[in-house]
Amino acid sequence: MNAGKPANYTDVKARELWKTLYLCAKESKNRRFHALYDKVYRPDILAEAWRRVKRNKGSGGIDGQTIEGIVHEYGERKFLNELYLELKEKRFHPKPVRRTYIPKADGKERPLGIPTIKDRVAQITVKLLIEPIFEADFKDCSFGFRPNRNAHQAINRIRKLSRKSYWVVDVDIKGYFDNINQEKLMKLVEMRISDRRVLRLIRKWLKAGVMEDDQFRDTDLGTPQGGGISPLLANIYLNYMDTIWEKQFAHLGELIRYADDFVIMCNTKQQALQSIDVVKSIMKKLDLTINKDKSRLVNIWDDKSGFDFLGMHHRIGKPYEGKPHVRFDEGKLKVKRESESCPF
């Protein structure tokens, strides 16, 4: 990763701060950062966070305030000045997220939590400060929601590994974002962040609750999808798995993860079976559940089975001029599941 070029930064001072925090964290793996909160309300950081929120658009939260309303009626300067004072004077209190649902490819619906615009900007400011610290720890196997990393890189890695990997462990985590253990997540955050004010703010977002059909519901579990800081927190949680795999189990196969979707590319069936046992153990430690109906063990060289990953179907196709090639079919394709090869 190029530490000097975090994605989408437009402010020079903010970019330099990102680089400094990244290099400090990279230099000392055991360092805990304690003086961050005064930077949460730094005007240039707030301005950068607002630019990102405004660029991403999206609807408003439970307070009814919208991006269009802030830009054309309320006033951007007034909005940012209010948020600045609330954060500086420690008067900022997150509001519950507005629950909505978006359709999934399988016909079901995915819950989405929409924070208020003010919460969204504040979350991005905190993300901008802690992201470089955790980026120094994140592993190369992780491709989702990270600076200078994307799904195409993950697909290309699978394409390369498919030339020698016969077996693929395809794992689906049941309701990942909704089932993250908040206490364990905060312990992982605290391994790098010791500033209690920042930790308190993150915890408040986790505990802010959900409003659905005018009914309030506590959130003692999970991190709501839709929040600006949620993808980073989700990566911090599964970086526990990435780290253990890299240190102890890389000999079994190569892990490729995009957010909560991941596969393990193995050379032999025995390695794949061992990988499944390891994954089960790690998921148990993280209080997560493997979706047995969607998780599979696949031999991609039999020209019959394959696996779905990042919206594409992957399998080895028929030989071309004596050489096998990898087929990448657009869209989710249903593949017959053989019970004897799915020991989840």
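This is a predicted model: local features need pLDDT of at least 70, side-chain atom pairs count only at pLDDT 80 or more; totals for chains, interfaces and linings use all residues.
Aspartate 213 is found in the loop between strand 4 and strand 5. Because its relative accessibility is 68%, aspartate 213 counts as exposed (exposed means over 50% relative accessible area, buried under 20%, and partly exposed in between, with a 1.4 Å probe and protein chains only).

Residues are numbered from 1 along each chain as its sequence is written, and side-chain values use heavy atoms, with hydrogens and water left out.

**The whole protein**

- The protein has 11 helices and 11 strands (DSSP runs numbered from the N terminus: H or I of at least four residues for helices, E of at least two for strands).
- Of its 344 residues, 51% count as buried.
- Among contacts with a separation of 6 or more, 69% are between residues 24 or more positions apart (contact means heavy atoms within 4.5 Å).

**The sheet around the opening loop**

- Strands in the order 2-1-4-5 make up an open sheet of four strands with mixed pairing (two strands pair if DSSP finds at least two bridges between them).
- Strand 2 (109-114) and strand 5 (215-217) are the edge strands, each pairing on one side only.
- Strand 4 (residues 210-212) pairs with strand 5 in the antiparallel sense over three bridges, and valine 210 stands opposite arginine 217 in strand 5.
- Strand 1 (residues 97-103) runs antiparallel to strand 2, and six bridges join them; here tyrosine 101 stands opposite proline 111 in strand 2.
- Five residues lie between strand 1 and strand 2 in their hairpin, and glycine 107 in the turn has a positive phi of about 95°.

**Nonpolar cores**

- In soluble globular proteins, nonpolar side chains tend to be buried together.
- The largest nonpolar core holds 79 residues, of which Ile130, Ile193, Ile202 and Met283 touch the most other members (a nonpolar core is a set of buried Ala, Val, Leu, Ile, Met, Phe, Trp, Tyr and Cys residues joined through side-chain atoms within 4.5 Å).
- Helix 6 (residues 117-135) gives the most to this core, with 10 residues.
- Which residues does isoleucine 130 touch, not counting residues up to four places away in sequence? They are Leu36, Ile193, Val198, Ile202, Ile229 and Leu232.
- A second, separate core has 14 residues, including Ala154, Leu161, Val263 and Val298.

**Helix 4 and its cover**

- Ile67, Gly69 and Ile70 are buried in helix 4 (residues 67-74).
- Helix 3 (43-56), helix 5 (76-88) and helix 6 are among the elements that cover the buried residues of helix 4.
- Glycine 75 follows helix 4 and has a positive phi, near 105°.

**The second largest pocket**

- The second largest pocket has a volume of about 450 Å³. On a 1 Å grid over the protein atoms alone, a pocket is an open set of points where a 1.4 Å probe fits, with protein on both sides within 12 Å along at least five of seven lines; lining residues have an atom within 4 Å of a point. Grid points are joined across faces, edges and corners, and the volume is the space filled by probe spheres set on the points.
- Of the 14 residues that line this pocket, Asp137, Leu188, Met191, Asn239 and Thr243 are the closest to its centre.
- Helix 10 (residues 230-249) provides the largest share of the lining, six residues.
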